[in-house]
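Subject: Handing over the structure

Hi there,

Here is the structure I promised to pass on to you. Have a look at it first, and then read my notes below.

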Amino acid sequence: MGIHNLSRLIADCAPGAVRENEFKSYFGRKVAIDASMCIYQFLIAVRQDGSVLTNEEGETTSHLMGIFYRTIRMIEHGLKPCYVFDGKPPEMKSGELTKRKEMRAEAEKELEKAKEQGDQENMNKFEKRLVKVTKQHNEECQHLLKLMGVPYVKAPGEAEAQCCELVKKGKLYGVGTEDMDALTFGGNVLLRHLTVSEARKMPIQEFNYQRVLEGLGLNRQQFIDLCILMGCDYCGTIKGIGMKRAFELMKTHGSIETILEKIDQNKYPPPEDWLYKEARELFLSPDVTPGEEFDFKWTAPDEEALIEFMCTEKGFNEDRMRNGCKKLVKARTGATQGRLDSFFTLKPSASPAGKRKSEPLKGAAQKKAKKGGGKFKAK
């Protein structure tokens, strides 16, 4: 779920913290990709006749197809993706996981009703709600990435937290995920829509963590408390307090403890045995492998082993897989020029409107202009 309505709050109250970029703007960037989020998107999107894509043996292959082609496209555009996989979820997330389990059970009931009624639209809707990333999906994608020469990390806990650790330690540039809690974990740069940007013809949204704090007028712990008030995966929220009210209270009182002292708890009852302190500590000190321990390398694909896995074992078309390998090799060997940070940076303009003022003409050019000469005349 991430943080409820956080992107909306930032857009309203800290718009300077967000900018939209094209895919090509990230040429040469090393980016942490939330693997589970990515795989889930592919399981939802890569479908055939309303169901997930499978091979002749009935094994799901949507995730492999998605990871293979999306990774190639990122590398062709000069990105260096590093996928980060979820580890064991924190104990505090059990409530959220139970809630999701209940929602899947309800979706199964609704799916059966839709099947009985022959309602294809609702069948598709509830089938998507039953999609779940499994251990097998993760392991198969990890094996594929290894064969493609793309690094990956198995986090001890939450993938977003591990992504942020790698970014904070300078190992990677930003976190590619749809979950806004990457900001709550302190990730310097959050990139939304990165894995679907090109396919859906939509820009990448880049959130800058420091500008978020500055725009909202909060320090790190106050921002974490705000996210907890708005709704996170680890504990409940105060009944009756939404996004706008939570922000106002945090700006006025500065901490959840003071807010609890000041509000009318009969009107705004907090959850019983509210674990907001534990949630705060989880965001401040998550279970991660220290970023210093990693040294990422992007290597050439093992084409024959990849063909064996994707074609012989999983039933993909060999010509397409070999073409994909060629694209990987070409993209890797062709991108020899290092990134120039100034290349995609807009040059400062002299006027507020962003238009550069013309420099005064000198010498012969000035005389020519006075006589009305020159190739172009102002209109």
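Let me start with the surface: the chain exposes about 21100 Å², and carbon and sulfur atoms supply 48% of that area. Please keep in mind that this is a predicted model.

The chain has 379 residues, of which 45% are buried. Its secondary structure amounts to 17 helices and nine strands. If you take the contacts between residues at least 6 apart in sequence, 71% of them join residues at least 24 apart.

The sheet

I would look at the sheet next. Seven strands make up an open sheet with mixed pairing, and their order is S1-S9-S8-S7-S2-S5-S6. Strand S1 (18–21) and strand S6 (152–154) stand at the edges; each has a single partner strand, so one side of each lacks a neighbour in the sheet. From one strand to the next, the twist averages 25°.

S1 and S9 run antiparallel and are joined by four bridges. In this pair, Glu20 stands opposite Gln205 of S9. Strand S9 covers residues 204–208, and four of its five residues are buried. S9 is also joined to strand S8 (residues 189–192), again by four bridges and in the antiparallel sense. Here Val189 faces Asn208 of S9 across the pair, standing opposite this residue.

Strand S2 is worth a stop as well. S2 is largely enclosed by the rest of the structure, because four of its five residues are buried. S2 pairs with strand S7 (residues 174–176) in the parallel sense, over three bridges, and Ala32 stands opposite Val175 of S7. Strand S2 (residues 30–34) also runs parallel to strand S5 (residues 80–85), and five bridges join the two. In that pairing, Val31 is opposite Pro81 of S5. Helix H3 packs on the sheet, where it touches S2 and S5; the direction of H3 makes about 140° with that of S5.

Now to a pair of helices. Helix H2 spans residues 35–45 and is mostly covered, with nine of its 11 residues buried. Among the buried ones are Ala35, Met37, Cys38, Gln41 and Phe42.

How do H2 and H6 lie relative to each other, and at what angle do they cross? Their axes come within 11 Å and cross at roughly 105°. The two helices are therefore roughly perpendicular to each other. On the H2 side, Ser36, Ile39 and Leu43 make the contact, and on the H6 side His137, Asn138 and Cys141 do. As a reminder, an α-helix has 3.6 residues a turn, so residues three or four places apart point the same way.

Is Glu140 buried or exposed? With a relative accessibility of 9%, Glu140 counts as buried. Leaving out residues up to four places away in sequence, Glu140 touches Thr60, His63, Leu64, Phe309 and Lys314.

One of these, Thr60, lies in the loop between strand S4 (51–52) and helix H3 (62–76). Thr60 has 25% relative accessibility and counts as partly exposed. Thr60 and Lys314 are 254 residues apart along the chain, and their C-alpha atoms are separated by 9.1 Å.

The cysteines

How many disulfides did a search of the whole structure find? The search found zero. Take Cys38: its closest cysteine sulfur, in Cys141, is 8.5 Å from its own, and this is too far for a bond. Cys38 is buried, at a relative accessible area of 2%. Cys235 is in no disulfide either; the nearest cysteine sulfur to it belongs to Cys232 and is 4.2 Å away. Like Cys38, Cys235 counts as buried, with a relative accessible area of 15%.

Best wishes

Terms used
Residues numbered from 1 in each chain as written. Predicted model: local features only at pLDDT ≥ 70, side-chain atom pairs only at ≥ 80, totals over all residues. Heavy atoms only, no water. Buried < 20%, exposed > 50% of the residue type's maximum accessible area, 1.4 Å probe, protein only. Contact = heavy atoms within 4.5 Å. Areas by Shrake-Rupley, 256 points an atom, 1.4 Å probe, with all protein chains shown as cover. Disulfide = S-S within 2.5 Å. Pairing = 2+ DSSP bridges. Axes fitted to C-alpha atoms, helices over the stretch in contact; angles between N-to-C directions. Parallel < 35°, antiparallel > 145°, perpendicular 65-115°, else oblique.
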